[in-house]
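Subject: Handover of a structure

Dear colleague,

Please find below the structure that I am handing over to you. I would be grateful if you would look through it before reading my notes.

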Amino acid sequence: MRPGTLKRVVVALIVLAIAATACGDDDGEAAATTTAVTSSSTMDMTSSTMGDMGNDDHPFEWGTAGDPANADQIIEIAASDAFRFDPESVEVHVGETVTFRVTNEGAIRHEFVVGTPAEQDDHEAEMADMGSMPMADETNAIGIDPGETKDLTLTFTQAGALRFACHVTGHFAAGMVGALNVQS
Ligand SMILES: [Cu+2]
């Protein structure tokens with residue numbers, strides 16, 4: 001057994017033990033699992049990257065998950081292989097619950113991620129670190145397969161200039177980003 005192997009096995013066992021006790025819904029336990037995973041020497045990720053990814057149960061400064069049954073409006077958006085959304089700009093209001101109904105009209109996978117310009121830049125950097133691994137759906141993000149239509153419902157709590165963007169490798173850089181203006 002090489003010197004590093006035992007440590008790796010021990011870390012793996014700790015990760016398994018913590019994962020087994022985590023129920024999934026509890027934020028604290030989920031965070032503990034994330035921390036344990038990032039301490040493994042077999043993972044080439046920084047803890048800050050994983051920490052940012054574990055926030056899917058938390059509200060954002062600009063909004064939170066919305067109840068589709070209480071949506072004030074449904075906004076239909078098409079994603080295309082030309083790396084564009086149609087429409088490229090939408091407006092909503094503070095206090096509104098909005099369902100974004102996103103249709104992937106292309107032949108490749110796209111994403112619909114809502115956030116501030118800074119959050120979009122951070123997300124793009126994270127995705128670049130992770131290669132082409134598809135992201136899991138989160139409060140503010142969905143992945144849409146070719147031909148699929150998928151809903152994302154958000155309640156907006158703060159006015160501001162948000163963006164919706166696709167972070168499949170190369171798409172954001174190619175301009176697959178739109179404006180989401182939250183009016184007061
Ligand atoms: Cu895309």
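This is a predicted model: local features need pLDDT of at least 70, side-chain atom pairs count only at pLDDT 80 or more; totals for chains, interfaces and linings use all residues.

The notes below go from the overall picture to single residues.

Residues are numbered from 1 along each chain as its sequence is written.

The term pLDDT stands for the predictor's confidence in each residue, from 0 to 100. Its mean over the chain is 78, and 68% of the residues reach 70 or more. Residues 1–56 have a pLDDT below 50; beyond near neighbours in sequence, this stretch has 45 contacts in the model. Two residues are in contact if their C-beta atoms, placed from the backbone, lie within 7 Å.

Overall organisation

The chain contains four helices and ten strands. Both kinds of element are DSSP runs numbered from the N terminus: helices are H or I with at least four residues, and strands are E with at least two. Read from the N terminus, the order of elements is α-α-α-β-β-β-β-β-β-α-β-β-β-β. Among contacts with a separation of 6 or more, 73% join residues 24 or more positions apart.

Five strands form an open sheet with the order 4-10-9-6-7 and mixed pairing. Strands 4 and 7 are at the edges with a single partner strand each, so one side of each has no neighbour in the sheet. From one strand to the next, the twist averages 20°. Helix 4 packs on this sheet and touches strand 6, strand 9 and strand 10, its direction making about 140° with that of strand 6. For such angles, axes are lines fitted to C-alpha atoms, for helices over the stretch in contact, and the angles run from 0 to 180 degrees between N-to-C directions.

Strands count as paired if DSSP finds at least two bridges between them. Strand 4 (residues 89–93) pairs with strand 10 (residues 177–183) in the parallel sense over five bridges; here serine 89 has alanine 179 as its bridge partner, and valine 90 has leucine 180. Strand 9 (residues 160–165) runs antiparallel to strand 10, with six bridges between them, and glycine 160 stands opposite valine 182.

Glycine 131, with a positive phi near 70°, follows the helix.

The interior

Buried residues make up 22% of the 184 residues. A residue is buried if 20 or more other C-beta atoms, placed from the backbone, lie within 10 Å of its own.

The largest nonpolar core has 25 residues, of which Val102, Phe112, Phe164 and Ala165 touch the most other members. Strands supplying at least two residues each to this core include strand 5 (97–104) and strand 8 (149–156). Such a core is a set of buried Ala, Val, Leu, Ile, Met, Phe, Trp, Tyr and Cys residues joined through C-beta atoms within 7 Å. Beyond four places in sequence, phenylalanine 164 has contacts with Phe85, Phe112, Val113, Val114, Gly178 and Leu180.

Asparagine 104 lies in strand 5 and counts as buried because it has 23 C-beta neighbours inside 10 Å.

Yours sincerely

Note on methods. A residue is buried if 20 or more other C-beta atoms lie within 10 Å of its own, exposed if 12 or fewer, and partly exposed in between; C-beta atoms are placed from the backbone.
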